[in-house]
Amino acid sequence: MIYKIENLKLPIGADEDELRAVAAKKLGKKPGFFRILKKSLDARDKRNIGYVYSVEFSDDGFPKRRATEKYIGAKKKIVVIGCGPAGLFAALRLIEHGFEPILIERGENVTDRTETVSAFLSGGRLDENSNVQFGAGGAGTYSDGKLNTQTHRGYNSDVLDLFAEFGAPEEILYLNKPHIGSDRLKGVISRMISHISSYGEVRFSTRFEGYSTSDGTLREIVLRDLNAGVEYAETADAVVLALGHSARDTFVRLHGLGTAMEAREFAVGVRIEHLQSEINRAQYGSYAHRLPPADYKLVSHAGERTAFTFCMCPGGSVIPAASEEGGIVTNGMSDYARAGDNADSALLVQLSAADYGEKLFDGMEFQRRLERAAYGITGSYRAPVQLFGDFMKDRVSVGFGSVRPTYPIGTVFAPLGEILPSAVTRTIKAAVSDMGRRLRGFDSADALMTGVETRFSSPVRILRDGSGQSVSVRGLYPCGEGSGYSGGITSSAADGLRIADLIFADLSL
């Protein structure tokens with residue numbers, strides 16, 4: 001019998017072996033199986049901060065992960081487009097089902113992509129096919145590697161199990177807010193790709209160009225070898241369309257082929273940085289020096305629109321995340337240790353079609369205009385920045401305060417209010433002041449804002465039915481963040497697992 005105990009609280013610095021002692025007392029002997037299910041920091045009372053645990057244990061051995069059903073029919077060719085979390089996990093689950101998937105990615109492998117991105121971050125040329133958005137691991141490779149999610153589907157535990165199997169820290173299986181870190185995530189992704197290659201095939205620098213159908217069913221896809229400059233067709237029984245949210249050119253091509261799509265609402269804003277030490281003090285009080293770097297999550301309805309923080313990176317940095325020439329895009333990244341001086345987060349304002357237009361790609365073009373406006377005001381990939389105190393007073397900053405920028409290419413003092421829509425500017429002013437009342441120091445005049453953050457989510461959704469297939473093309477399975485069905489690493493990976501299971505069920509009929 002497996003026992004479960006929740007809400008066990010240990011003070012800071014206590015030995016976790018005390019949890020095993022609780023289990024041993026319950027069983028009357030040492031447990032044969034014991035694991036922490038959840039570990040979260042309770043900092044609500046600054047005078048009594050501690051960790052809260054949920055554990056399970058028994059006198060039997062460790063339970064095994066559920067076996068995946070195997071496909072036993074005639075051999076099928078399944079192609080997965082996109083090597084982000086959705087595509088990777090779809091391919092991994094397809095292999096578990098006994099398929100030999102072909103994984104297609106327009107960007108480069110981990111090693112080459114790292115070199116290409118590093119060159120851009122050092123002021124070099126932007127590669128529009130291999131960058132912070134495109135390449136092995138997708139946009140998540142250059143992030144904090146956060147695995148917490150707002151969804152609670154059963155696939156989430158499978159996602160964490162697979163990450164751990166391929167070398168992610170075991171603690172992700174029980175931490176309330178697990179993260180891998182961009183530095184460790186690269187190795188995990190490399191091992192996943194090696195595993196997929198040993199059972200199927202992985203083609204990098206290969207871009208999806210379109211498809212052809214027969215009686216409404218997908219028959220062939222068109223691919224382009226970007227290194228050779230050669231276009232060719234590939235037959236397929238099923239195609240997982242795991243695009244990233246920045247695959248704008250692909251969205252346009254899909255629409256031209258008659259793929260059913262709809263516009264989605266999204267949010268835009270800036271990246272905001274504070275000293276991590278100040279966030280620690282605000283969250284932990286006198287415990288600040290004894291605890292890991294603190295995070296936060298804030299929402300405000302003080303302005304005319306909803307504003308919120310997203311992708312908060314403790315001890316992280318702001319990075320350039322452009323995928324199109326002549327545009328500036330920001331994102332946040334941190335390594336496993338989260339040891340940087342600054343805390344940064346996206347500070348976003350929710351928009352609706354009334355802000356940018358009713359047509360399918362009006363939102364996408366709106367994002368692009370903001371990115372080009374940011375580039376135009378600096379004349380390069382150096383990012384426009386402004387201290388929050390100056391932003392409130394509509395004046396251009398002339399010097400940094402306590403917070404120094406982490407954006408690697410360089411920055412230019414500029415009026416962010418001349419780049420952002422007026423409604424977004426007004427909302428940010430009201431929201432940051434409101435957030436500062438709940439998180440001391442968030443509205444510091446020295447807080448540094450960097451523009452622009454536009455890639456919060458995909459501006460379109462590729463419509464699918466209950467079987468996971470496109471409503472207009474049988475055999476085409478839209479999946480993940482770019483297709484409009486997830487947001488973040490965990491939910492995207494979970495959607496990839498779900499789609500792979502649906503393909504298995506469909507092909508097994």
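Predicted model: local features only at pLDDT ≥ 70, side-chain atom pairs only at ≥ 80, totals over all residues.
On the α2 side the contact is made by P85, A86, F89, A90, R93 and L94, while α12 contributes I489, S492, A493, G496, L497, A500, D501 and I503. Sorted by class, the residues of this contact comprise ten nonpolar, two polar and two charged ones. The spacing of such residues along a helix can be read with a general rule in mind: an α-helix has 3.6 residues a turn, so residues three or four places apart point the same way.

Helix α2 itself covers residues 85-96, and its twelve residues reach 16 Å from the first C-alpha to the last, which is close to the 16 Å expected at 1.5 Å a residue. Because twelve of the twelve residues of α2 are buried, the helix is largely enclosed by the rest of the structure. After α2 comes G98, a residue whose phi is positive, near 100°.

With a relative accessible area of 0%, L254 is buried. Once its neighbours within four places in sequence are left aside, L254 is in contact with F208, Y211, L241, L243, T259, M261 and I462. L254 and G210 are 44 residues apart in sequence, yet their C-alpha atoms are 6.7 Å apart in space.

We turn now to the sheets. Seven strands form an open sheet with mixed pairing, in the order β13-β14-β17-β12-β20-β18-β19. Its edges are held by β13 (299-300) and β19 (411-413), each of which has a single partner strand, so one side of each is left without a neighbour in the sheet. Within this sheet, β14 (residues 307-313) and β17 (residues 342-350) pair in the antiparallel sense over five bridges, and F310 has A346 in β17 as its bridge partner. Helix α9 (residues 362-378) packs on the sheet, where it touches β12 (267-275), β18 (383-387), β19 and β20 (448-453), and its direction makes about 80° with that of β18. Helix α11 (residues 422-436) also packs on the sheet, touching β12, β13, β14, β17 and β20, with a direction that makes about 130° with that of β17.

Another open sheet consists of three strands in the order β1-β3-β2, with antiparallel pairing. Here β1 (3-11) and β2 (33-42) stand at the edges, and since each has a single partner strand, one side of each is left without a neighbour in the sheet. Neighbouring strands are turned against each other by 20° on average, direction ignored. Strand β2 is joined to β3 (residues 50-58) by nine bridges, the two running antiparallel, and S40 stands opposite V52 in β3. Helix α1 (residues 17-27) packs on this sheet and touches β1, β2 and β3, its direction making about 140° with that of β1.

Methods: Residues numbered from 1 in each chain as written. Heavy atoms only, no water. Helix = DSSP H or I, 4+ residues; strand = E, 2+ residues; numbered from the N terminus. Expected span 1.5 Å × (residues − 1). Buried < 20%, exposed > 50% of the residue type's maximum accessible area, 1.4 Å probe, protein only. Pairing = 2+ DSSP bridges. Contact = heavy atoms within 4.5 Å. Axes fitted to C-alpha atoms, helices over the stretch in contact; angles between N-to-C directions. Nonpolar A, V, L, I, M, F, W, Y, C, P; charged D, E, K, R; others polar.
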